[in-house]
Amino acid sequence: MRSISRVLVSTLFLLSPMAAAQQVALSDYDPKITAPAFAGEGPVVAIDGAHQNFHTIEGRYAPFATLVRADGYRPRALTEAVTASSLAGTAVLVIANARQRYAAPEIAVIRGWVEQGGSLLLIADHTPFGTATTPLAAAFGVEMGNGYVAVRQDGKVTSRIAFSGRLLGTHPIVTGPGPGGRVRRVETFTGQSLSVPAGATALLTLPEDALEVAGPPQVDALRRGESAPGQRVGGRAQAVALELGKGRVVIAGEAAMFTAQQMKSGAEVGLDVADDQRFVRNVMAWLARAMP
């Protein structure tokens, strides 16, 4: 970790929790979908808003809701605790950056619901966002790193990570034939690492030199030009797909790629970058069984 350069400082600080208020959803985001995944009355997508979620259907994940609506899904807000009743009629449950821990009965309901054919998209960003969902991810065999991941790309250390070539997994979400088409490049915008359990597929594999620092104190140390401890996380992932019983699960360690936002600096991140929209459309189509 001592080799991390000061270039990482500005990148991590830009997207750190201290800068969270600077993230604004793009109100004019237009997915420009001409051939939706579903025609007519599509599957219901429940977007959790009951666990102090940083991203909600009416807030920073409004562009995500716009995208899935344009693709033929029926998004709705989940505003109560997760129970068999609150999930009734739902095809895909989306959890993005929850800040309130899920109760043990909720985790049991979600796992059982998936086993019986439900689909889960669980998204938890860099620290501190993984804290509330670490036990839920563990219920599906995935360990969250709960830090900030950085890599060296294009001659500099950055946490805006580009995945292409061998870093993209061999999975229908990437290779098709999904509604988004073949995915050739995905960019993430600061996130944590995930383990890849047996039977799962890494959709976005972190490169060999990837490092993960523990949290804001280490970021502050880097800002001061000091060294800080970290873990090498090459070979781990920022998105994994797996099947459990009759259901499907995608767990992602980065949240911005699933929405469209503008930072205070003017930089746009998310769905309008690289093939991120294609990737998200294919994730949803796979979860909703619109593709193998």
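This is a predicted model: local features need pLDDT of at least 70, side-chain atom pairs count only at pLDDT 80 or more; totals for chains, interfaces and linings use all residues.
Biologist: Which strands sit at the edges of the open sheet of 7 strands?

Modeller: The sheet is open, with mixed pairing, and its order is β3-β2-β4-β5-β14-β13-β10. An edge strand pairs on one side only. The twist averages 15° from one strand to the next. The edge strands are β3 (74-78) and β10 (201-205).

Biologist: How many residues of strand β4 are buried?

Modeller: Buried here means under 20% relative accessible area. In a regular strand, side chains alternate between the two faces of the sheet. In β4, Val92, Val94 and Ala96 are buried on one side, and Leu93 and Ile95 are buried on the other. Strand β4 (residues 92-96) is largely enclosed by the rest of the structure, because the buried count is 5 of the 5 residues.

Biologist: Which residue of β4 stands opposite Ile47?

Modeller: Start with the pairing. Strand β2 (residues 44-48) runs parallel to β4, over 3 bridges. The residue in β4 opposite Ile47 is Val94.

Biologist: What is the hand of the crossover from β4 to β5?

Modeller: β4 pairs with strand β5 (residues 119-123) in the parallel sense, over 5 bridges. Val92 stands opposite Ser119 in β5. Between the two strands the chain passes through helix α3 (residues 104-115). This β-α-β crossover is right-handed.

Biologist: At what angle does helix α2 run to β3?

Modeller: Helix α2 (residues 62-70) lies across β2, β3, β4 and β5. Its buried residues include Pro63, Phe64, Ala65, Leu67 and Val68. Relative to β3, α2 runs at about 145°.

Biologist: And helix α7: what angle does its direction make with that of β14?

Modeller: Helix α7 (residues 276-287) packs on the sheet. It touches β2, β4, β5, β10, β13 (237-244) and β14. With the direction of β14, the direction of α7 makes about 155°.

Biologist: Which residue with positive phi follows α2?

Modeller: Go back to the helix that lies across β2, β3, β4 and β5, namely α2. The residue that follows α2 has a phi near 100°. That residue is Gly72.

Conventions. Residues are numbered from 1 along each chain as its sequence is written. Side-chain values use heavy atoms; hydrogens and water are left out. Buried means under 20% relative accessible area, exposed over 50%, partly exposed in between (1.4 Å probe, protein chains only). Helices (H or I, at least four residues) and strands (E, at least two) are DSSP runs, numbered from the N terminus. Two strands pair if DSSP finds at least two bridges between them. A crossover is right-handed if, with the strands pointing away from the viewer, the path from the first strand over the helix to the second runs clockwise. Axes are lines fitted to C-alpha atoms, for helices over the stretch in contact, and angles run from 0 to 180 degrees between N-to-C directions. Contact means heavy atoms within 4.5 Å.
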